[in-house]
Amino acid sequence: MRPTWGTRLGFVLATAGAAVGLGNVWRFPTVVAHGGGGAFVAVFLIIVAAVGIPALMGELAIGRHAARGPVGAFRRLAPGTRWPWVGGLGVAAAVAILSFYSVIAGWCLGYAFHFLTGRLANVPQPELESTFVRLVASPAASVGWHSVFMGLTALVVFFGIRGGIERASKLLMPAMVLLLAIVAVRVLRLEGAMEGLAWFLSPRWRDITAGAALAALGQVFFSFSLGMGVLITYGSYLQRDSDLPGAAVWVAAADVGIALLAGSVVIPALFAFDLPIEGGPRLLFVVLTGVFGAMPLGRLLGFLFFLLLVIAALTSAIALLEVGVTTLMDEWRWSRPRSVVAAAAFTFLLGVPSALSQGPAGLVTVFGLPFLEAVDFFASNLMLPVGGLLTAVFIGWTWGTGRAQAELATGTRRFRAAGVWGRAMRYLVPVAVGIVLLGGLLAG
Ligand code: TRP
């Protein structure tokens, strides 16, 4: 018997945990700030409703209908075809993303620890630059924290859907929101922070360019964790009688809500200290580290901030690892313990070159890029959108929206938006994901 989620809340929290990740903190606030503030948020919400939520529902419907991981799901829905390869592409993308995601989450773990010991409080900004470089360039530290983080992820997944993932999500998600709220209250009381918040959300329609719209599209896609089998996998453990469209809307709302809250911390904090708005790892490990370190109670605040990042990353990493584990269990009939050990060990080893690639010699490179950046580019800009595009085409045109609609309506009193959903799935979603793919390739 395939296990199922114990409660609807547990499923929503676990799936929201997959969606809410580092991207909500280091990417969303900066794209909003550069892309037109409140005007960007309005565009973002339209894309969420028109593209994000329909795609989310579609992938979950595949999973629940087939009750299999990505590879098996495509095989069940389209036997004797090549579609299972699309599932395989998703699994490969999940493994690739997890390999470097764990390295970066490991750095967060290290920073939480060093805030706790007091080593990171009150360090002047230029020195923080070298502190960061020293951490990421040290093979022992980088690989060490990477192994700790992978170990934590594997531990949760080891205990299974209900006893591991659902239980952990019910604890971790509320804890993360609480930590974020504490940090937000402290930051917004800083001198100048409120002006920063007002600026962050003020609509600047002139900044809504084609580039900004593309960034919004890409961010929705990445943030909702589409196109890599995560939603098919989590959907495959859903009970028949659960309200799927309703759950999808809750997941989307949680993801967007937490992204907005993160933006209301990050941008005002930069404003209060008169710092330039940038994204990526430097935002976390240099700029914000300096900001928190310089505040009253900075040691505690810095610790709480990096702890919440670790939690956000952990619930995403759990989902990514579960994709591989479910696939091994479904396809090769391996036991869960064996699948967890194999998938975690393989992903850990694949992450080692990423962990070493930030060293002074830029040791491990592919096509002239450090290994970590190369894997990121390949997985995020190529495998993800290709997988997402093919999945959308599959739902809209091969499996068919009729069958998908029937699946979505099962467990709901009435799926009122069925017609609109079908049209979004057939036309809007494939076109939107196609644009993301082109944009990502041109960025390379
Ligand atoms: N959504 C995650 C974030 O915002 C990143 C991500 C992309 C992800 N695809 C995923 C996480 C799949 C878990 C599973 O950071």
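A cavity is a set of grid points where a 1.4 Å probe fits but cannot get out, and its lining residues have an atom within 4 Å of a point. The exercises below concern a predicted model.

**Exercise 1. Which residues line the second largest cavity, and which elements give two or more of them?**

Solution. 
Step 1. The second largest cavity has a volume of about 50 Å³.
Step 2. Its lining consists of Glu-59, Pro-70, Phe-74, Val-86, Gly-87, Gly-90, Gly-227, Met-228, Gly-229, Ile-232, Gly-387 and Thr-391.
Step 3. Two or more residues of this lining come from each of α5 (70-77), α6 and α17.
Step 4. The largest share, three residues, belongs to α6.
Step 5. Sorted by class, the lining of the second largest cavity has five nonpolar, six polar and one charged residues. Gly is counted as polar in this sorting.

**Exercise 2. Describe the largest cavity and state what sits in it.**

Solution. 
Step 1. The structure holds five cavities of 30 Å³ or more. The volume of the largest cavity is about 180 Å³.
Step 2. There are 18 lining residues, and those nearest the centre are Ala-18, Tyr-101, Phe-222, Ser-225 and Ser-316.
Step 3. At least two lining residues are supplied by each of α1, α2, α6, α11 and α15.
Step 4. Eleven residues of the lining of the largest cavity are nonpolar, seven are polar and none is charged.
Step 5. The ligand sits in the largest cavity.

**Exercise 3. Which residues are closest to the ligand, and which elements supply at least two residues of the shell around the ligand?**

Solution. 
Step 1. Counting residues with a heavy atom within 4 Å, the ligand is surrounded by 14 residues. The closest are Ala-19, Gly-23, Tyr-101, Phe-222 and Met-228.
Step 2. The helices α1 (8-19), α2 (22-26), α11 (210-223) and α15 (298-332) each contribute at least two residues to the shell.
Step 3. With three residues, α2 provides the largest share of the shell.
Step 4. The shell around the ligand holds eight nonpolar residues, six polar residues and no charged ones.

**Exercise 4. How many residues line the largest pocket, and which element gives the largest share?**

Solution. 
Step 1. A pocket, unlike a cavity, is an open set of points. The largest pocket has a volume of about 940 Å³.
Step 2. It is lined by 36 residues, and Trp-26, Arg-27, Asp-376, Ser-380 and Asn-381 lie nearest its centre.
Step 3. The elements giving two or more residues to this lining are α2, α6 (84-116), α7 (125-137), α11, α14 (281-294), α17 (371-409) and α18 (418-442).
Step 4. The largest share comes from α17, with eight residues.
Step 5. The lining of the largest pocket divides into 22 nonpolar, nine polar and five charged residues.

Methods. Residues are numbered from 1 along each chain as its sequence is written. This is a predicted model: local features need pLDDT of at least 70, side-chain atom pairs count only at pLDDT 80 or more; totals for chains, interfaces and linings use all residues. Side-chain values use heavy atoms; hydrogens and water are left out. On a 1 Å grid over the protein atoms alone, a cavity is a set of points where a 1.4 Å probe fits but cannot get out, and a pocket is an open set with protein on both sides within 12 Å along at least five of seven lines; lining residues have an atom within 4 Å of a point. A molecule sits in a cavity or pocket if more than half of its atoms lie within 2 Å of its grid points. Helices (H or I, at least four residues) and strands (E, at least two) are DSSP runs, numbered from the N terminus. Grid points are joined across faces, edges and corners, and a volume is the space filled by probe spheres set on the points.
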